[in-house]
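User: I am new to reading protein structures. Can you take me through this one, feature by feature?
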Amino acid sequence: MSDLRERLQDLYKKKRVVGLSAEDAERLPDYLENSGLKFRFFVGDLIRRNAKGSVESLISAAATGSEEVRRSAVHLLGKICRELNDKRQAEIAETIETSLKDPDPKVRRNAAIALGDLKGPKVIGSLAETLSAEPFEWVRSSMILALGQIGGPKSATILERVNAKSDLEDEALTKARDRVAVFEVGESKRLDAFPEEREIELRSAPGLEDILCAEFVEISGREPKVVQTGSARVTVQELDSLGQVRTWREWLIPVGERDLADRSEAGFAHAGLELLVEGLETFVAIYGKQEHVSRYRIEVRGRETSHESRRKLIKHWVVDLEGRYPDFANSPSHYEAELRLQRAKTKASLYLKLTCEADTRFDYRVADVPAAMQPATAAGVVRLACPQKGASRVLDPFCGRGTLLFGRAHSGMPVGELVGCDVSGNAISAAQANRDPSTRANLSFLRGDGCSIRLEGRFDELISNLPYGIRTGSHDKNVDVYHTFIDRLPEWMNDGASITLVTQEMDLMKDLFSRSNHLSLSKVHRIDTGGLQPGVFVGMFRN
Ligand SMILES: C[S@@+](CC[C@H](N)C(=O)[O-])C[C@H]1O[C@@H](n2cnc3c(N)ncnc32)[C@H](O)[C@@H]1O
């Protein structure tokens with residue numbers, strides 16, 4: 001064993017990945033334990049390259065290894081599965097399915113992510129079962145996303161019944177439901193303008209509402225007013241500017257409000273129905289009478305209504321609406337309009353979301369990764385940064401699927417070259433698949449460790465969403481990675497370069513800025529990315 005460890009250390013130092021026998025490959029999973037993060041990544045990489053030889057011991061490690069080993073083994077099994085024959089694939093899928101019930105939540109989460117990537121419909125039942133028993137929201141949200149990735153009517157029905165218990169899950173649920181929704185030809189609309197002026201509500205990541213207002217006024221000349229964190233309202237008739245503003249996550253039509261003075265369930269049932277009627281009337285006022293049946297979904301939000309009473313109320317409302325509006329059908333998985341009822345203690349409000357209006361702003365995204373930033377939020381972060389004038393070179397050393405670099409490429413500011421790097425082969429494949437033909441930007445994505453990769457030339461801007469240590473890694477690993485990465489800035493950056501870093505590690509990052517002789521901090525902006533509240537650290541590099 002020690003002989004192989006020495007040879008692996010040697011390969012690691014020399015950055016070589018060849019020269020292993022079948023027997024060595026079989027023993028590789030033993031080295032996923034008790035070693036530094038970078039070495040473990042290296043062993044993981046070797047396992048992926050020697051998939052056939054390692055698979056048997058990896059399957060056994062997923063069942064019997066320590067927590068740390070089980071986490072890595074399940075993750076790696078998901079990665080190598082497709083390269084193997086059908087028999088092996090079935091064995092791997094079964095092992096990962098069993099890991100959904102592992103006592104360790106990180107193993108369960110990795111199992112859900114792997115099953116989502118593998119997209120095998122056989123595991124839908126197990127995912128649904130473990131989701132209903134799962135106590136951790138960050139594991140639940142991965143299970144929800146996995147159901148969305150697998151797709152199909154069975155997943156759609158299960159997702160329909162899920163009641164999000166946190167913002168993180170809510171975001172995952174919206175993403176997953178979007179993935180399973182199938183629109184028939186003819187349903188996607190393009191509304192150039194409302195028949196008359198109308199107030200709309202634009203939603204951004206909380207903390208980015210002022211950035212959203214500034215971008216909207218720049219593009220349309222109309223200035224939205226912030227109504228609460230993450231929401232601003234503006235009156236418009238023409239809708240073309242909406243497609244150019246990149247920082248809204250969604251836009252809704254505020255339809256109406258009712259006081260819920262007695263706070264009773266019956267009071268909400270009555271007010272809700274009146275508002276839903278107004279919602280459907282608003283849809284007709286916008287699109288006129290349709291030749292086909294229009295489909296809607298009712299969404300009740302707010303803590304005041306239990307899951308059970310939500311279901312009962314929706315059932316009751318749908319029966320009533322069917323009688324009044326035969327041209328509309330309740331179709332919670334495939335719909336053209338969402339009727340969103342927001343219930344607060346003493347008030348109910350209805351928003352109409354025109355889900356049939358195609359949002360093509362981020363169509364370049366054909367591939368996703370679990371920790372990806374929402375692209376409208378990335379557009380907001382880019383606006384918080386201080387882009388340099390001229391054809392600057394921009395670097396993201398932890399680029400994931402490249403969202404921030406795509407956001408920078410579309411920011412309207414001149415740019416020379418954009419370079420992304422990520423240690424995950426999956427993330428780099430996703431970024432490369434997302435290569436955006438609509439921008440002529442010079443983008444390149446490299447697989448490598450941000451702490452050791454060699455990069456050509458120097459950069460004028462660095463913008464990055466650093467590892468959070470939540471899905472993978474940990475705070476201790478972040479301390480290592482962040483220190484090493486900051487130490488590399490003099491090698492990468494030009495004097496005066498702008499630095500924009502998004503991270504949950506507030507204290508660590510403040511400390512790094514204050515200790516560095518090269519960094520000055522100009523602002524820290526707090527945003528909410530769906531359950532997480534990272535800071536956006538904006539500063540400058542001085543040589
Ligand atoms: C918070 S995510 C960034 C997500 C990205 N902004 C996106 O939207 O896809 C952090 C990324 O850092 C990568 N990562 C973690 N450690 C790394 C390292 N040492 N070198 C390079 N990338 C690393 C992870 O694979 C992950 O994709």
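User: How are α7 and α9 oriented to each other?

Analyst: Two packed helices are described by the angle between their axes and the distance between the axes. This is a predicted model, and in it the axes of α7 (residues 105–118) and α9 (residues 137–150) cross at roughly 10°. They come within 8 Å. Angles under 35 degrees count as roughly parallel, so α7 and α9 are roughly parallel to each other.

User: Which residues of α7 and α9 meet?

Analyst: From α7, the list includes Pro-105, Arg-108, Arg-109, Ala-112 and Ile-113. From α9, Trp-138, Val-139, Ser-142 and Met-143 are among them. The contact of α7 with α9 divides into ten nonpolar, three polar and three charged residues.

User: Now α4 and α5. At what angle do their axes cross?

Analyst: Helix α4 (residues 51–64) and helix α5 (residues 67–80) cross at roughly 140°. Their axes come within 9 Å. Roughly antiparallel needs an angle over 145 degrees, so α4 and α5 count as oblique to each other. Their crossing is left-handed.

User: What kinds of residue make up the contact of α4 with α5?

Analyst: Twelve are nonpolar, none is polar and one is charged. On the α4 side you find Ala-51, Val-55, Leu-58, Ile-59, Ala-61 and Ala-62. They meet Val-69, Arg-70, Ala-73, Val-74, Leu-76, Leu-77 and Ile-80 in α5.

User: How do β1 and β4 run, parallel or antiparallel?

Analyst: β1 (residues 193–203) and β4 (residues 250–259) run antiparallel, and three bridges join them.

User: What is the strand order in the seven-stranded open sheet?

Analyst: It is β11-β10-β9-β12-β13-β15-β14, again with mixed pairing. β11 (442–447) and β14 (519–526) each have a single partner strand, so one side of each is left without a neighbour in the sheet. On average, neighbouring strands are turned by 15° against each other, direction ignored.

User: In which sense does β10 pair with β11?

Analyst: The sense is parallel, over six bridges, with β10 spanning residues 417–422. Asp-422 stands opposite Arg-447 in β11. Helix α17 (residues 425–433) lies across β10 and β11, running at about 160° to β11.

User: Last feature. Which residues come nearest to the ligand?

Analyst: There are 21 residues around the ligand, and the nearest are Phe-398, Gly-400, Thr-403, Gly-450 and Asn-465. The shell divides into 13 nonpolar, five polar and three charged residues.

Note on methods. Residues numbered from 1 in each chain as written. Predicted model: local features only at pLDDT ≥ 70, side-chain atom pairs only at ≥ 80, totals over all residues. Pairing = 2+ DSSP bridges. Helix = DSSP H or I, 4+ residues; strand = E, 2+ residues; numbered from the N terminus. Axes fitted to C-alpha atoms, helices over the stretch in contact; angles between N-to-C directions. Contact = placed C-beta atoms within 7 Å. Parallel < 35°, antiparallel > 145°, perpendicular 65-115°, else oblique. Left-handed = near helix turned anticlockwise from the far one by under 90°. Nonpolar A, V, L, I, M, F, W, Y, C, P; charged D, E, K, R; others polar. Near = placed C-beta within 6 Å.
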